[in-house]
Amino acid sequence: MKMLINVAETVVADALRGMAVAHPELAVDVENRVVVRRDAPVAGKVALVSGGGSGHEPLHGGFVGPGMLSAACPGEVFTSPVPDQMVRAAAAVDSGAGVLFIVKNYTGDVLNFDMAAELAEDEGIQIAKVLVDDDVAVTDSLYTAGRRGTGATLFVEKIAGAAAEEGQSLERVEALARQVNENARSFGVALSACTTPAKGSPTFDLPAGELELGVGIHGEPGRERRAMMTSGEIADFAINAILDDMTPRNPVLLLVNGMGATPLLELYGFNAEVHRVLAQRGVAVARTLVGNYVTSLDMAGASVTLCQVDEELLRLWDAPVRTAGLRWGV
């Protein structure tokens, strides 16, 4: 496979160096693998820290900035960051108001953020944690006990980040983050496998003419494989899987997310089909976001995330945000 890299061993460091020169509003520590908003710590403000393996960009580093994360910790490709990164990030952004760790439900991430929380608290930093586990496709997977954390991570980071920007307390920001996760569900579909730089070839075998329904963001197996389906058929399957697990009583936020290699032309067409199915099922859509936000390197495919929102969550979603990967209202 052809890749726009130097060598596999430096791909994350090279990306961080590029991010640093493109975004001077960020303090990017390439050696220690920490991305911090340059104005941190912000006096009186709760700080948000997240992280995970690289390869899902713009998640998480692309969501560092006013209105979202205070810092992010990128690991190697599809590999959890280590506790030292998380502690360093927490120390860099803590204003004394506390730090919220936002953790996707993958075993390595969970263990390392738990360890980092203990180490940070030993240094006098108040830590709260929220686990994101929104994927309805499978209960247990290659890297996970329970449901995987996927597209809802964006909703959690945006809404909790807006609350923190307003000066809300750590307890309240944590509660809002939990509310978002509890009201969000996702389902992903792969049309092709992804290729990690270290391997240089597809991470799993997906024959031509087939797709993987319920794929994870690391290429983990889903519910089943089928012969290729139309965009409308995929929308029917994905939305039905989500609505089998949730019954929205309020309007929803909708994320139609590309896995990395699917062009916007296809994603917007898929979005039209998703809206068709939701309308047929009587689900009102308050806001829609379409694009590549929680990716899987060069995987072709898409995921759908719904999050039921009340007036406060919708207000926080609409609040200004200024990051490399998400920006409006400023």
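Helix α4 is mostly covered, with 13 of its 14 residues buried, where buried means under 20% relative accessible area with a 1.4 Å probe and protein chains only. This is a predicted model, in which local features need pLDDT of at least 70 and side-chain atom pairs count only at pLDDT 80 or more, whereas totals for chains, interfaces and linings use all residues. Residues are numbered from 1 along each chain as its sequence is written, and side-chain values use heavy atoms, with hydrogens and water left out. Helices (H or I, at least four residues) and strands (E, at least two) are DSSP runs, numbered from the N terminus.

- Helix α4 covers residues 152-165 and reaches 20 Å from its first C-alpha to its last, close to the 20 Å expected at 1.5 Å a residue, the expected span being 1.5 Å times one less than the number of residues.
- Just after α4, Gly 167 takes a positive phi of about 95°.

- Six strands form an open sheet of mixed pairing in the order β1-β2-β4-β3-β5-β6, where two strands pair if DSSP finds at least two bridges between them.
- The edge strands are β1 (26-29) and β6 (127-132), each of which pairs on one side only.
- Strand β5 (residues 99-104) pairs with β6 in the parallel sense over six bridges, and Val 103 stands opposite Leu 131 in β6.
- Helix α5 (residues 170-182) lies across β3, β5 and β6 and runs at about 5° to β6; axes are lines fitted to C-alpha atoms, for helices over the stretch in contact (heavy atoms within 4.5 Å), and angles run from 0 to 180 degrees between N-to-C directions.
- Helix α1 (residues 11-22) lies across β1, β2, β3 and β4, running at about 145° to β4.

**His 56**

- His 56 is found in the loop between β3 and β4, and it counts as buried because its relative accessibility is 1%.
- The backbone oxygen of Thr 295 lies 2.7 Å from a polar atom of the His 56 side chain.
- Leaving aside neighbours within four places in sequence, His 56 is in contact with residues including Phe 78, Ile 217, His 218 and Tyr 293.

Notes:
Buried < 20%, exposed > 50% of the residue type's maximum accessible area, 1.4 Å probe, protein only. Polar contact = N/O pair within 3.5 Å; in protein donor to acceptor, adjacent residues only side chain to side chain.
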